[in-house]
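Trainee: Please take a close look at one part of this model, the aromatic side chains.

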Amino acid sequence: MARSRSGSRLVAAAIAFLLPVVFSTSVSAQVWAPRAALLLVLLAFGLPQLIRLLRSDARRAALAGLAFLVVAAVATGLSAQPVLSLLGLYDWGTGLLFVAVLIGAWALGTSLDAGAVPSVEGALIAGVLVNAVVALVQGAFALDTVPFTRYEGRAAGLLGNPIYLGTLMVGGLALVLPRVKNNPVRWGAATTLVAAAAQLSGSRFALGLALVAAVVTLVRGGRPALLAAGAVGVGLLLGVGIGAAGGATTGAGRVEAGGGTVNTAGRVHAWASAGHAIVDHPVLGSGPGRFRAATSRYRDLALVHAEGGDRLFVDAHNVFVEYATTTGILGVTAFAIWLALVCRRAKGPLLGFALLVLAMHLVEPQFVGTTPLAFLALGTAGRVAVAPVRQMATALIAVLVLAALISAGRLLYGDFELHQAILDSRAAPAKAAVGALPPWPEPASVAGRVALYRSITTHAPDARTETLRWARLATRRDDTDPAAWSSLAEAQLYFGDAPAAERTFREALRWDPWSVRALNGLANALLAAGDRQAARAALERSLTADPTQKKARAELRGL
């Protein structure tokens, strides 16, 4: 029993540290793929613990989590594309397996012993501080060296996107703030560092939550908490100073510059499009990880103007809207009940970490590097005594872990080959990626681009066939992806088949009626077919979506 508990403690602590920091420049999805591989291992260790929790004081929460998983599984099976719903989209991975990971992370944390709490807290803090240091370097210097490059002028830490950095930093404040009173120098400095990184993420919501965390700490702690709250203030000011010196965008700078209403409008319009999708499939939704497929057809002009043409919401940017759309009323209800039960059991700084991370999920997307951490923290904060692991259960976990390691290795190998294909435009690694990775459209699309490049540069007769074959495979793998349809149509038009290109561009527009790429391509296909009037209408619609297109406007004037 002791050996089992120590093993679980080691796994939980390793996940808590590695998930925020792991990345690799050797794969195509540098931030996502290593974390997705790590989550497969977490799933193998964590989900079997749910069975043990059914015979513990956490039985009600475990049953609620199991109910959520069952509903999500049924929604996956009934979705239009069950395989993609199981896996989630490439570079996102928020399908059914992700739902299982969240439940497994909570189950693993809940089944830990009391001695594991400091280990998990310490590992989380270490991961937070590593990202904070990287963020400060990113904010101070405009470097072109991975991992210190910025994301659209903002610090992203090791998480690939500033909003994920902001999410991790505000959660980290819940862990470091209570420690300031015990060691003001060490933890005051850590709090300042984390708050500065939150500022440098440029996330206005993270900035607001950091201030809320400081105020709550001050209200609950009174005068002894002044130093902790002050450290947050100093950190936020430090972040402003570093951003000003290094030319980085900060949260305070974005608040001062305005424009928040534009981003808010984009989310509101995306949620409105989700309303149409929920009406289409109210009970079980469209399947986990299928938010884009469920909502892209309902994009209106207001959303296009708020977000830009061809920028689709893959995630709802609200966890409840996400699961209402993808798992229906049954799924989001089961999720809400499970979440309420696990939060009710939890206490301490880890609960604060989880609540702040989940608060960010009210306006930002889920992410493989932050969302599972929230549920691991919730489980650890509400741990219970569980029965010892039996020998048969240990053998089962070992088999699951072995399968997870094999799957993780295949994922990383396939993504490595995909990266090589993108770098070198070579057919061999592209083909290897198509075979090794799950049936996502992206590897086939890359193989199609490689073949098209070969056709352009060598005029090899078989290159045309290869280009169209790979492009069609991408559309078969995800027939709701407007980008895949547009790629196929562009290849068809390049090879002189204007009627086929027109039909394919219209299929792209079925899934994104305001796609600027598809509308401009449709106009070119119609012009090639001699239909100037229809081409003019397509260009006018394209310019309605994006009036800043100089080339399209000049082309329209020439008709």
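Is F335 buried or exposed?

Mentor: F335 is buried, because its relative accessibility is 1% (buried is under 20% relative accessible area, exposed over 50%, partly exposed in between, with a 1.4 Å probe and protein chains only). This is a predicted model, in which local features need pLDDT of at least 70 and side-chain atom pairs pLDDT 80 or more, while totals for chains, interfaces and linings use all residues. Residues are numbered from 1 along each chain as its sequence is written, and side-chain values use heavy atoms, without hydrogens and water.

The structure has 13 aromatic pairs (rings of Phe, Tyr and Trp, the last by its six-membered ring, with centres within 6.5 Å; planes under 30 degrees apart are stacked, over 60 edge-to-face, the rest tilted). One of them joins F68 and F335: the ring centres are 5.3 Å apart and the planes meet at 55°, so this pair is tilted. The two partners are 267 residues apart in the chain, with F68 in helix α4 (residues 59-78) and F335 in helix α16 (residues 319-345) (helices are DSSP runs of H or I, at least four residues, numbered from the N terminus). F68 is buried too, at 0% relative accessibility.

Another pair is Y494 and F495, with ring centres 5.1 Å apart and planes at 75°, so it counts as edge-to-face. Here Y494 is partly exposed at 43% relative accessibility, whereas F495 is buried at 15%.

Back at F335, this residue belongs to one aromatic cluster with F68, W106, F320, Y323, W338 and F375.

Terms used: Helices (H or I, at least four residues) and strands (E, at least two) are DSSP runs, numbered from the N terminus.
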